[in-house]
Amino acid sequence: VRIDNIIDSLKNTNQSPYIKKLIEPQAAVTGQLFTFAIPDDIFFDDDSNSPLTYSATMLNGGALPSWIRFNQETKTFSGTPAEPGELTVRVTVTDSEKATAYCPVKIVITDN
């Protein structure tokens, strides 16, 4: 029985990235700088030797509020909220084969 073709097909099978653990809700205060870096141990890709690409939108796919910025290189959110409230951001990772996974990040904003 020849297994070399099976081994080759397994090498070329793309496994999707996945979440190792959820991100805890983050606290922000109106009028104060908010920063949060996505920890390296949140997402994992079993078959990728290249780094994952990160992006962020609102959970519904809409654009982030104007007060918050997301730096894809450092995986960091930053900005100064003006109003209290809650928002849920969708952090998506994409591997070199275009497979994706996402994790919600809840940001709770309280008054100063």
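1. Buried here means under 20% relative accessible area, exposed over 50%, and partly exposed in between, with a 1.4 Å probe and protein chains only. By that cut-off F70 is buried, at a relative accessible area of 16%, and F77 is buried at 0%.

2. The model is predicted: local features need pLDDT of at least 70, side-chain atom pairs count only at pLDDT 80 or more, and totals for chains, interfaces and linings use all residues. Residues are numbered from 1 along each chain as its sequence is written, and side-chain values use heavy atoms, without hydrogens and water.

3. There are four aromatic pairs in the structure (rings of Phe, Tyr and Trp, the last by its six-membered ring, with centres within 6.5 Å; planes under 30 degrees apart are stacked, over 60 edge-to-face, the rest tilted). In one of them, F34 and W67, the centres are 6.2 Å apart and the planes at 70°, so the pair is edge-to-face. F34 belongs to strand β3 (residues 34-37) and W67 to the loop between β5 (53-58) and β6 (68-71), so the pair ties together parts 33 residues apart in sequence. F34 is buried, with a relative accessible area of 4%, and W67 is buried at 16%. The rings of F70 and F77 have centres 4.6 Å apart and planes at 45°, so this pair is tilted.

4. Q26 is buried too, at 16% relative accessible area. Leaving aside neighbours within four places in sequence, Q26 is in contact (heavy atoms within 4.5 Å) with F34, F36, V105, K106, I107 and V108. A polar atom of the Q26 side chain lies 2.8 Å from the backbone oxygen of E24.

Key
Polar contact = N/O pair within 3.5 Å; in protein donor to acceptor, adjacent residues only side chain to side chain. Helix = DSSP H or I, 4+ residues; strand = E, 2+ residues; numbered from the N terminus.
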